[in-house]
Every structure is written in C-alpha cells, then in structure tokens.
Amino acid sequence: MNVTSRLTALAVCGGLLAGVAAGSGRAGAADQPPIVIGTTISQTGSYAEDAKYALQGYQLWVNQQNAKGGLLGRKIELKYYDDASDPATAVTQYQKLVQQDKVALLVGPYSSAITAAVANVAEQNKMPMISPEVSSVAPFKRGLKWVFQGQAQSTRYVAGAIDIAKQNGYKKIAVTGEDTAFPRSIAQAIPDLAKEAGLEIVFNELYPHNASDYTAIAQKIKQANPDAVFGISYFPDSIGLLRALKQANVTPKELFFAVGPTEPNFGKEAGKDADGVLSTTNWSANLKTADNGDFTKAFQAMFKSNPDYHSAANYAALQVLAAAINKNKSLDADKIREFMATTKVPTVMGTYEVDSSGIQVGYNSLTLQWQGGSQYVVWPASYQQKKPQLPFPAWTR
Amino acid sequence: MRPELVLQLTIDGLLLGGVFALAALGLNVIFGVTRIVNLAHGNIVVLTALSAAIAFQRFGITPIEGLPVAMVGGALLGVIIDRLILRRLPEDAPTAETTSLLLTFGVSYFLVGLSLAIFTGDFRSVAYLTGSWLVGPLSIGKSRFLAFAVAIVIAAMLGVLLRSTKIGRALRAASQNLDGARACGVSIDRMRTLSFGLGSAIAAAAGALLSMIYAVNPDSGSQFTLIAFSVVALGGLGSYAGALLGSAILGLAVSFVGFFGNTQLGAMMPYVVFILVLLFRPSGLLGKSVA
C-alpha cells in the first residue's frame, strides 16, 4: 500500500468522501473533464409523454458519441432538469445551468412554449442553442440571434394535405382544431396556404381544450359541405371528431388530422374507421437521410421501443452541434453560432438549414395515411411508401 | 331554417342528453341517500371505460356483452369505497359534509393513480357501433342511441325500485329522514352501502357505453364528474326525473348553442347553466327546496 492510497483510506474514514472521489477520478480516467451540455425536459406534467421520446434522442446520441471517444477528445455529459412542463420553471433551471453548473453548451427543451421562454437565457448569455422541439416560428419573429430551430416549421405540417387536395381537385376545405397554441398556429396559417394553392376555406372554427362533444361541429361541417376536412387535433379529439363526423354522416373526399393519428395507437383505438385518414409526421424510419437506418436500430437496441419524430429531431440537433464543434475544433460560442446560422448539415431529419431569423427551412413534414390498419408515408412522392388512397372511403356502418 | 336541420339538432341534443344522464344518474343515487357528493364518480366511469377498451381490444368482448360484469365490478368498487373509507367518518360531526367531499376528492386522485398504473396514460376507446342509422336526411348515432336508451331504462328501473319495493322504500326513507328511518328499523349503514354500490354500478354502465363514443385516459374522470354534477344540480339533487330533464336541457343547449353560436360557447353551456341554477333556483328544477 503506497502513501497515496493510505491517505485516501484515511480521508474516506474522516468523511471527506466528495473531495477524494473527485481527486481519484481525475487521476484514473481521462485527463480532461467532460463537456457538459445542459437542457431541461418535461419529465412530469402534460408534455411528459412526448418529451420522453425527445430526451431519448439526446441520450442515444450522447451514448453513441462517447463510445466513439466523445468530442475534441473529451467525454460528453448531458445535464438535465425536469421542468414539469412549466416555462417559468424551465427559465430558472436554464439560468442555473449557465450560472451555477457552468455548462459548456445549451440545447433546447421540449415544446414551443418552453423554448420561447428559455430562449432569453441563451440570448442574454450569448450561448448558441439549437432547439429541436419548437415548431412554432413565432419566437424567431422577435429577432433571436443565438437560437436556431431544429424542427420542421408547424405550417409545413399541413403542406401535404393541401397539396393532395390541390392535385385531386378538392376545392372546398373545412378547418377545425383545438384552440391552444400549437393547433392554432397551424390553423391560422392554413387560409394563406390554401389561397396560394387555389383552394377555398368554407369553414374555420376551433373548439376548446377538453371539449365535451364534437357533434355540433360535425353538423356545422356537414352544412358547409366541404371536399376536404382538416382537423388540427391531438389524440382524443381526433377520435372524438372522427366518430362525430361518421355519426353525422359527413362524407369528405379527404380527411386529415394533423397530429393525433401520427401515434401508432390511433389504429387500435379508432378501428376500421382509421383507414383512409391522413396525418403528418416530421420523420420516418424509411427516410434515406444521413445515418437514419443506424439511428433507428441503435434506438431500438437502447430503449426497446421505436423512436418517433421527437427522438429523431433531438438526435439531429446534437448531430448539428457536433458538426459545428468538429469543424471549428473548439467550443467557441461565436464560431458555433456562425456555423449553425450559415451551414447546411445532413442529419437523420433531412438537411438542417436555417434562414436569417433562425427558422428551419431544410426540414419538411411528411404526410401519412392509414391503410389496412398501418401507417404509410404517401407524400411527398420522393418518400412515398404507398400511393395515397383517395377519395376517403364511404363510412362502413 | 330548414326543419330537418332543427330536427337533426334536436335528435343530437337529446342523444347527448342521454349520454349526460348516464353519467349523472349514479351520482344522484349516492347523493340521495348519503348526502355525499362523490367526486370520484367520473373516475369510476373512466376506469370502466378503460377496462371496456382492453376487454374489446384483447378479447373481442363488446361493451354490451361486458355490461353485466362491468356493473358488478362497479358495484363492488362502490361498496369498497364506502366500507373502507367513507364509513369511517362520524356521520353526525358538524364538518361531515366538507370532510366527505375532501375524502371523495382524495379517492378520485387515488383512482387516477391506480388507473395510470394499470392502463398507462394512453387514450383508449372502443371502435364498436361507431356508425349511425340513416333515416331520410337524418342520422342517428348507434352508440349514442344505445347510451340514451340505457339511461332511460336505468332511470325507469330506479323509479320502480324506489317506489314499489321494500328496499326502495327503505332507501327513500333514509334519504328523507335518517333518524326517522332508523327508528322504523331501517339499517342506515346498509342503505348507504347499497346506494354506493348501486350508484357506482350505474357509473360503470356509463363507462362501458361511453367508451364507444369518446377516447378517454385516466385524467378524463373530472370531466365526467363535472358534467354529472351540472346535470344533477340543474335537475335537482336527488331527483331522478330531474336528472333526466336536466340532461335533456343541457344536451339540447350544447347542440343548438354549439351550432348557432360557436363551439366554444356550446362547450360552456353546462357550466353556464350550472351557475345560473345555483343563483336563481338552488334546489334545481325538480328538487325539493332545502329549508
């Protein structure tokens, strides 16, 4: 037993555990401390279910990169707090990450609402932050310099549905959806997009969160007699609307719900009525994007479940960050910002590219259709797994 | 305005009223005897709806086939809640009503947690009888019609039970005057447990049928409690005919205001009506005024 270990033993006995652990760690492992990347994730609260997939995207990338030796010869550590789906909590935690934990880099939290709130922390501290879970472009319209959108813009979620309507000559569109931030941002963008495509909006009305029933709105849509119905709806209201439209015998030629039917569960809960329903996603396992096949396989191996587009976007955000660091061979904030603002980077989501406001212009949304109980990408044509089946089938009774 | 449109909105409103009534009748049974507003009522509805979805998706058992089992399960749950928890409250304590309210609130949270543990937070629904019968220009939703019909049958059976059977008379006696009933040899304890079992069985029936209309997750319970409470307050706490009338009025209000006004306003109707009733007729339409 040499002097050092004898001292170590003594120190442990004396209760100086923390100091010794740090000391011996430094002596044993890598000669440099890890690069710490800070973020918050909604592990509790209303966003928890989706945010779980987002966090897993970050975790997978960190795991893989560390196995390859990290970045700049240093290990990477992801430091995150649970923001409880609350923007104010997240702001405090980002301040703590910067001032107290002194993290080297920041990446974005889950949801548009929380990103909008914590963007100020990145701005004030001049720290570049790619944010993979902000689909609303509103935060970027106020002139952010250090924050970049790492998710497809929410207005692109309906691009496929509109293009499909245009191609098939469906002129009259009815729009409905939940009256909360994200659905509203899409619903408000539809009239302009429809006009460009030469379509006419014949109905446009939102319903409140936790609406008790959708019968009245189904009757109104029936009176408007549209060719296509676009619902900007989450999961429960997608089911509620689908049932109400069926029972009111509304028979559109195209039926699209923005996000609810993206969940694989939709087919199980909606049964045969799901067939023909169009929905949207920003990523698919069959995309021929950079490293996409490896990403999907590695994700399945690590988490024993399939990734969703949140996982892919968060993974892609760290791909962009790594590209910035590797290119500059440093953690210099100005250089990373410059890279993120001006460089196109191939990622699992597609080609990362932002405009001068930091708004994502490279990533696109895909349109899915439920056919025979499964989801297939039907739009755009370049990613098509199956051709879209139109018109929407008559309701079976 | 075209007459078939008015007729369609009336049908929609009445069928929706049936859905509301189904959620509300059980709450009323329990209140009638125990004077306890069971805030866990909606959670029993949701727990059964989730079970119905699993039974349908895994084993192909339709909610109609499963209805008897669901009602027995609901009754057992109600009895357990009463015997294990509410029974332990001293019934003549001056704060009994507040305490029981808080307790059922606690039970409701417990049931949310239990449902999350069993069913996870996923939304579930039963894809059965989702279509409608078309009669000329009118459409009548099958699952809604079924909920409506079952609500009427349950209300009628309750009426017969309460008026024409010995147990029913004892239940009514207990609801009118605890001491008087006790003096006549009615076991108040047994009547309380019976009403909890009966009320929860009806909540379970509601859950099984509503699973065909809505997608629910464990958090959806409070919505059904709120609707049930609005219906009961409108019709008169403890009055079964009142509950039916109240739900018909609310259903029609949601249907017509939702159509001619907007959906936001329509969705507010149950609560608007609830506040108006409390302000102008606190005993409800058919309730006996509280002296």
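User: In this predicted model, at roughly what angle do the axes of helix H1 (residues 3–34) and helix H8 (residues 188–210) of chain B cross?
Analyst: The axes of H1(B) and H8(B) come within 8 Å. Their crossing angle is roughly 170°.

User: Is H1(B) roughly parallel or roughly antiparallel to H8(B)?
Analyst: The axes cross at roughly 170°. Angles over 145 degrees count as roughly antiparallel. H1(B) is therefore, relative to H8(B), roughly antiparallel.

User: How do the residues of the contact of H1(B) with H8(B) divide by class?
Analyst: One residue of this contact is charged. Six are polar. The nonpolar residues number 17.

User: Which residues have the most contacts inside the largest nonpolar core?
Analyst: This core has 151 residues. H1(B) gives the largest share of the core, 16 residues. The residues with the most contacts inside the core are B:Leu22 and B:Ala205.

User: Which residues is B:Leu22 in contact with, leaving aside its neighbours within four places in sequence?
Analyst: Contact here requires C-beta atoms within 7 Å. The partners of B:Leu22 include B:Ala147, B:Val150 and B:Ala151.

User: What radius of gyration does chain B have, against that of a compact globule?
Analyst: The C-alpha atoms of chain B fill a box of roughly 60 × 45 × 35 Å along the principal axes. A compact globule with 291 residues would have a radius of gyration near 19 Å. Chain B agrees with that, at 19 Å.

User: What share of contacts in chain B between residues at least 6 apart in sequence joins residues at least 24 apart?
Analyst: Of the 291 residues of chain B, 55% count as buried. Among the contacts asked about, the share joining residues at least 24 apart is 78%.

User: Which element gives the most to the side of chain A that touches chain B?
Analyst: The contact takes 32 residues from chain A and 32 residues from chain B. Strand E7 (200–207), helix H9 (215–224), helix H10 (235–247) and helix H11 (266–270) of chain A each supply at least two residues of that side of chain A. The most, seven residues, comes from H10(A).

Note on methods:
Residues numbered from 1 in each chain as written. Chains lettered and ligands numbered in written order. Predicted model: local features only at pLDDT ≥ 70, side-chain atom pairs only at ≥ 80, totals over all residues. Axes fitted to C-alpha atoms, helices over the stretch in contact; angles between N-to-C directions. Helix = DSSP H or I, 4+ residues; strand = E, 2+ residues; numbered from the N terminus. Parallel < 35°, antiparallel > 145°, perpendicular 65-115°, else oblique. Nonpolar A, V, L, I, M, F, W, Y, C, P; charged D, E, K, R; others polar. Rg over C-alpha atoms; globule rule 2.2 N^0.38 Å. Buried ≥ 20, exposed ≤ 12 C-beta atoms within 10 Å, placed from the backbone. Contact = placed C-beta atoms within 7 Å. Core = buried A, V, L, I, M, F, W, Y, C linked by C-beta atoms within 7 Å.
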